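These are my notebook entries on one chain. I record what I looked up, entry by entry.

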Amino acid sequence: MSTFFSDTTWICLAVPTVLCGTVFCKYKKSSGQLWNWMVCLAGLCAVCLLILSPFWGLILFSLSCFLMYTYLSGQELLPVDQKAVLVTGGDCGLGHALCKYLDELGFTVFAGVLNENGPGAEELRRTCSPRLSVLQMDVTKPVQIKDAYSKVAAMLQDRGLWAVVNNAGVLGFPSDGELLPMTDYKQCMAVNFFGTVEVTKTFLPLLRKSKGRLVNVSSMGGGAPMAKLASYGSSKAAVTMFSSVMRIELSKWGIKVVSIQPGGFRTSIAGTSDKWEKLEKDILDHLPAEVQEDYGQDYILSQRNFLLFINSGASTDFSPVLRDIQHAISAKSPFAYYTPGKAAYLWLCLAFYLPIGIYNYFAERNFGKDEPMPRALSMPNYKRKAT
């Protein structure tokens with residue numbers, strides 16, 4: 001009997017090792033999401049061995065590996081075959097890099113831009129192949145979206161559009177939610193959420209023809225609460241939920257819906273110093289006197305330091321996001337979620353699984369440890385004036 005258990009143990013260890021090694025070697029460059037799967041599998045192995053008996057723990061682990069191998073075997077990339085992809089927000093940052101990347105891979109790219117005569121659009125025309133077309137498309141203007149749809153449909157004729165990548169987004173001014181003016185909330189929702197919905201609804205008829213992909217770029221901040229990002233995080237959380245609902249509804253049409261939740265990447269989404277100064281002035285001009293007194297002008301003006309903080313830790317290498325989006329567009333069975341970027345997957349897991357108090361502790365330690373205090377909280381004897 002002991003020999004039987006010994007042999008079974010070795011088999012249970014060998015099979016998952018071979019399967020996982022095969023998957024890893026074959027698909028390790030296709031998507032960073034594979035690393036997350038490996039980490040989860042290693043965690044599952046540890047839990048199984050701790051909770052169950054060694055024999056049943058290894059059996060369950062081997063079965064999990066086999067199921068994982070079966071699922072990941074569908075990650076083989078489909079040929080480009082002149083597939084057409086629409087990308088919004090192609091003027092700069094991630095969208096600009098994505099348009100170039102997909103063009104280099106051989107896709108027919110439609111680059112939706114905020115300003116078709118701007119430097120970003122001109123650079124795309126100059127550096128990319130004739131397959132790339134620049135389209136004027138402010139995602140907050142339905143007329144421009146419909147006009148872009150007409151041009152894309154005319155160029156594709158009966159081919160259909162293989163993928164829509166809703167990338168256009170704005171960050172707003174990171175600050176305490178109470179300090180942000182309603183215009184900031186409305187702008188984030190208008191661009192990040194309503195723009196995504198409007199583009200999706202407009203181009204879905206072309207996606208149904210191809211049974212293609214809808215790829216929505218959300219954010220780690222849409223799933224893991226982060227201080228200073230009330231307007232941005234709320235809009236991205238709406239994008240994530242919209243993607244989840246559409247994934248269910250569009251499955252009957254053969255359309256696969258993917259949500260990209262990147263971590264920190266240094267793009268131009270934060271805006272310029274001039275824009276920061278304008279937003280600071282808007283906050284100071286519209287705050288009620290009582291709120292401004294409690295927080296203090298020094299605290300309000302210090303909020304721009306958070307932009308410098310997040311930029312200092314952000315990556316300038318977009319390749320993890322680009323590869324994940326390529327995988328979402330091209331894989332036979334893409335993942336529902338991708339979390340490219342340093343610790344993005346970890347933070348989302350912490351937010352989902354940890355008790356709220358513990359998560360808040362880690363979030364404050366990592367993102368608010370050098371945060372100055374509002375004026376009222378830094379003065380123990382401060383008394384709010386009666387109104």
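I call a residue buried under 20% relative accessible area, exposed over 50%, and partly exposed in between (1.4 Å probe, protein chains only). Helices (H or I, at least four residues) and strands (E, at least two) are DSSP runs, numbered from the N terminus. The model is predicted: local features need pLDDT of at least 70, side-chain atom pairs count only at pLDDT 80 or more, and totals for chains, interfaces and linings use all residues. Residues are numbered from 1 along each chain as its sequence is written, and side-chain values use heavy atoms, with hydrogens and water left out.

**Entry 1. Helix H14**

I asked which residues of H14 are buried. In this helix, residues 344–353, I found Ala 344, Trp 347, Leu 348 and Leu 350 buried. They lie on the same side of H14, because they cover an arc of only 160° around the axis; the arc is that of the directions from the helix axis to the C-beta atoms. I note the background: an α-helix has 3.6 residues a turn, so residues three or four places apart point the same way. The buried residues of H14 pack against helix H15 (356–367), where contact means heavy atoms within 4.5 Å. On the face turned away from the buried side I found the exposed residues Phe 352 and Tyr 353.

I then consulted the record. UniProt, in an unreviewed entry, lists residues 35–61 and 343–362 under "transmembrane region"; its positions are given in the numbering used here, feature names are shortened, and annotations may be inferred rather than shown by experiment. I computed 85% helix and 0% strand for residues 343–362, with the end C-alpha atoms 13 Å apart.

**Entry 2. The sheet**

I traced an open sheet of seven strands in parallel pairing, in the order S3-S2-S1-S4-S5-S6-S7. Two strands count as paired if DSSP finds at least two bridges between them. Strand S3 (133–136) and strand S7 (337–338) are at the edges with a single partner strand each, so one side of each has no neighbour in the sheet.

I looked next at S5 (213–217). How many of its residues are buried? I counted five of five. Arg 213, Val 215 and Val 217 point one way from S5, while Leu 214 and Asn 216 point the other way.

S4 and S5 pair in the parallel sense over four bridges, and Ala 163 has Arg 213 as its bridge partner in S5. S4, H7 and S5 make a right-handed β-α-β unit; right-handed means that, with the strands pointing away from the viewer, the path from the first strand over the helix to the second runs clockwise. From S5 the chain crosses through helix H8 (residues 230–250) to S6, again as a right-handed β-α-β crossover. S5 and strand S6 (residues 256–260) pair in the parallel sense over five bridges, with Leu 214 opposite Val 257.

**Entry 3. Loop residues**

I checked Gln 157, in the loop between helix H6 (142–156) and strand S4 (163–166). Gln 157 is not a glycine, yet its phi is positive, about 55°. Gln 157 is exposed, with a relative accessible area of 57%.

Lys 211 lies in the loop between helix H7 (182–210) and S5. Its phi is near 55°, a positive value in a residue other than glycine, and Lys 211 is exposed at 53% relative accessibility.

Is Ser 302 buried or exposed? I found Ser 302 buried, at 16%, in the loop between helix H11 (297–301) and helix H12 (304–312). A polar atom of its side chain lies 2.6 Å from the backbone oxygen of Tyr 299.

Definitions and conventions
A polar contact is a pair of N or O atoms within 3.5 Å; within protein, one must be able to donate a hydrogen and the other to accept it, and residues adjacent in sequence count only if both atoms are side-chain atoms.
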